[in-house]
Amino acid sequence: MQKLSLVINTVAKNKDVWPMFFSQIEKHVSADLFHKKYIFVDKCDEEFPEGYEVVFYDKEKMYQEQFAGCIAKVPEAYCVYISEDYILYKDVREDLIERYVNVLGDNEELSFIRLMKGGIVDMNFLQYQNFENLYELYNFFPYFYTNQAAVWKTRDLEKIHVYGPNLHIGNTDHENSFEYQATKTCEQLGIGGLFCYHGEPKRGMYHYDCDVFPHISTALVKGKWNLSEYEEELTPLLDEHSIDTDVRGVF
């Protein structure tokens, strides 16, 4: 398999989530899946776990500039992108992650495979070629680009951020955020993508569960603990790490 890295985008204001996040990676991912693991962060006043390379970004810059500068320092050809509130709760299907890297490598028109089915544009997507459980996304549909867990060709992920709109990721006006507007960039660049789906149930309004990369997406909603969608998965982890939900509040 081609070299695969793990790319984690986070911010110091969410450092209370880090112990839970990193302990679940250690618990549910083998040591040899990723060639290297990277943390993109604005600052850090404490040590991260061993085995991670920290790449700092300027908090005063827009998200687009922050991420473009960080991803440029990741040399591996492929990466899995996640944020710090994508908390694993079961073992990752590493055989399928490796398979997805090979699918990307063998198909020039593809840039990523998203590790879940989205629920906003919910239609009968076509199976990709003869690959069971992989389905085509269309870059002219809204939410083609999302900051959800995915396996990426690293240089294509970088390209989207280099040429994408100079915006923050989560503006109050969502349609004026990088995540929403970058779909236009993907269409202009001819970016192609798939998602995996094995018949998992829908979780809330916006996405489905994923047996390949079983994660809470997301543990934080508007800065609060997402117990409305993930009470069963989050509650034991909050207890394990002695987290007082009253500090952030509950969504």
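I'll start with Ala219, which lies in the loop between β12 (215–216) and β13 (220–221). Keep in mind that this is a predicted model. Is Ala219 buried or exposed? Its relative accessible area is 0%, so Ala219 is buried.

What does Ala219 touch, once neighbours within four places in sequence are set aside? The contacts are Asp85, Ile87, Lys224, Trp225, Asn226 and Leu234. For a distance check, take Ala219 and Glu108. They sit 111 residues apart along the chain, and 34 Å separates their C-alpha atoms.

Next, helix α6. This helix covers residues 227–240, and Leu238 is found in it. Leu238 has 3% relative accessibility, so it counts as buried. Leaving out residues up to four places away in sequence, Leu238 touches Met20, Trp225, Leu227, Ile243 and Thr245. Trp225 is also among the contacts of Ala219. Leu238 and Leu134 are 104 residues apart along the chain, with C-alpha atoms separated by 33 Å.

Stay on α6 for one more residue.

Now helix packing. Two packed helices are described by the angle between their axes and the distance between the axes. Take α1 and α6 as the opening pair. Their axes come within 11 Å and cross at roughly 110°. That makes α1 roughly perpendicular to α6. Who makes the contact? From α1, we have Met20, Gln24 and Lys27. From α6, we have Leu234, Leu237, Leu238 and Glu240. By class, that contact divides into four nonpolar residues, one polar and two charged.

On the α4 side, the contact uses Lys159, Ile160, His161 and Tyr163. On the α5 side, it uses Phe178, Ala182, Thr185, Cys186 and Leu189. The classes come out as six nonpolar, two polar and one charged.

The largest cavity holds about 40 Å³ of space. Its lining is Leu6, Ile25, Val29, Phe34, Ile82, Tyr86, Leu88 and Phe213. By class, that is eight nonpolar residues, no polar and no charged.

The second largest cavity holds about 30 Å³. It is lined by Phe112, Arg114, Phe144, Tyr145, Thr146, Gln148, Ala150 and Trp152. Two elements give two or more residues to that lining: β6 (112–114) and β8 (150–153). The classes are five nonpolar, two polar and one charged.

Then the open space. The second largest pocket has a volume of about 220 Å³. Its lining counts 14 residues. Which of them lie nearest its centre? Ile25, Glu26, Val29, Lys37 and Tyr52. Ile25 and Val29 also line the largest cavity. Which element gives the largest share of the pocket lining? Helix α1, residues 18–28, with four residues. By class, the pocket lining divides into eight nonpolar, two polar and four charged. So much for the pocket.

At 46% relative accessibility, Lys43 counts as partly exposed. The band for that label runs between the buried cut-off, under 20%, and the exposed cut-off, over 50%. Beyond its neighbours within four places in sequence, Lys43 is in contact with Ala12, Trp18 and Phe56. And a distance to finish: Lys43 and Ile113 are 70 residues apart along the chain, and their C-alpha atoms are separated by 30 Å.

That's my tour. Over to you.

Terms used
Residues numbered from 1 in each chain as written. Predicted model: local features only at pLDDT ≥ 70, side-chain atom pairs only at ≥ 80, totals over all residues. Heavy atoms only, no water. Buried < 20%, exposed > 50% of the residue type's maximum accessible area, 1.4 Å probe, protein only. Contact = heavy atoms within 4.5 Å. 1 Å grid on protein atoms, 1.4 Å probe; cavity = no way out; pocket = protein on both sides within 12 Å on 5 of 7 lines; lining within 4 Å. Points joined across faces, edges and corners; volume = space filled by probe spheres on them. Nonpolar A, V, L, I, M, F, W, Y, C, P; charged D, E, K, R; others polar. Axes fitted to C-alpha atoms, helices over the stretch in contact; angles between N-to-C directions. Parallel < 35°, antiparallel > 145°, perpendicular 65-115°, else oblique.
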